[in-house]
Amino acid sequence: MEEVVSDAGHYVLTLGSPLDQLRIGHYQSLELLIEDAFGQRLPGADIVVKGGMPGHGHGLPTSPKAVEIGGGLYRVNGLKFTMPGLWELMLEVQRDGITDFAIIKFKL
């Protein structure tokens with residue numbers, strides 16, 4: 001599982017879905033666990049998902065949405081990747097008035 005700490009350290013995001021199982025040209029989802037810096041799960045977060053291919057200068061071909069499954073676990077639905085290469089998912093997480101950002105980079 002991939003773990004990423006947000007830029008200001010407010011959130012720890014752990015992918016529950018392996019990035020190496022993502023496929024080109026298919027709609028898919030990722031599970032995401034959000035915790036604070038002390039390991040406490042954080043339900044009730046608002047998550048904005050953006051991304052793209054930095055080397056090509058374009059964003060995602062879809063508008064993925066994150067929905068809470070429960071207990072600090074979220075599912076990012078509507079992801080689609082159109083070609084091989086380096087991709088980024090940029091996550092803006094807001095909870096209790098605290099906004100922080102995380103970038104997950106991976107190659108397909």
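Keep in mind that the model is predicted.

Let's start with β3, which covers residues 28-36. Seven of the nine residues in this strand are buried, so it is mostly covered.

Now over to an open sheet of four strands, which runs β5-β4-β8-β9 with antiparallel pairing. The edges belong to β5 (58-59) and β9 (98-107), and each has a single partner strand, so one side of each has no neighbour in the sheet. For β9, look at the pairing with β8 (residues 86-95), where 10 bridges hold the two antiparallel strands together. One of the pairs is Arg 95 with Ile 98 of β9.

Stay on β9, because that's where Asp 100 is found. So what does a buried Asp 100 do without a salt bridge? The nearest side chain of opposite charge is Arg 95, and that's 13 Å away, whereas a salt bridge needs the atoms within 4 Å. Instead, the Asp 100 side chain reaches two backbone nitrogens: that of Ala 8 at 3.0 Å and that of Asp 7 at 3.4 Å. Beyond its sequence neighbours within four places, Asp 100 is also in contact with residues including Ser 6, Gly 9, His 10 and Tyr 11, along with Leu 91, Glu 92 and Val 93.

How values were computed:
Residues numbered from 1 in each chain as written. Predicted model: local features only at pLDDT ≥ 70, side-chain atom pairs only at ≥ 80, totals over all residues. Heavy atoms only, no water. Pairing = 2+ DSSP bridges. Buried < 20%, exposed > 50% of the residue type's maximum accessible area, 1.4 Å probe, protein only. Lys, Arg positive; Asp, Glu negative; His and termini not counted. Polar contact = N/O pair within 3.5 Å; in protein donor to acceptor, adjacent residues only side chain to side chain. Contact = heavy atoms within 4.5 Å.
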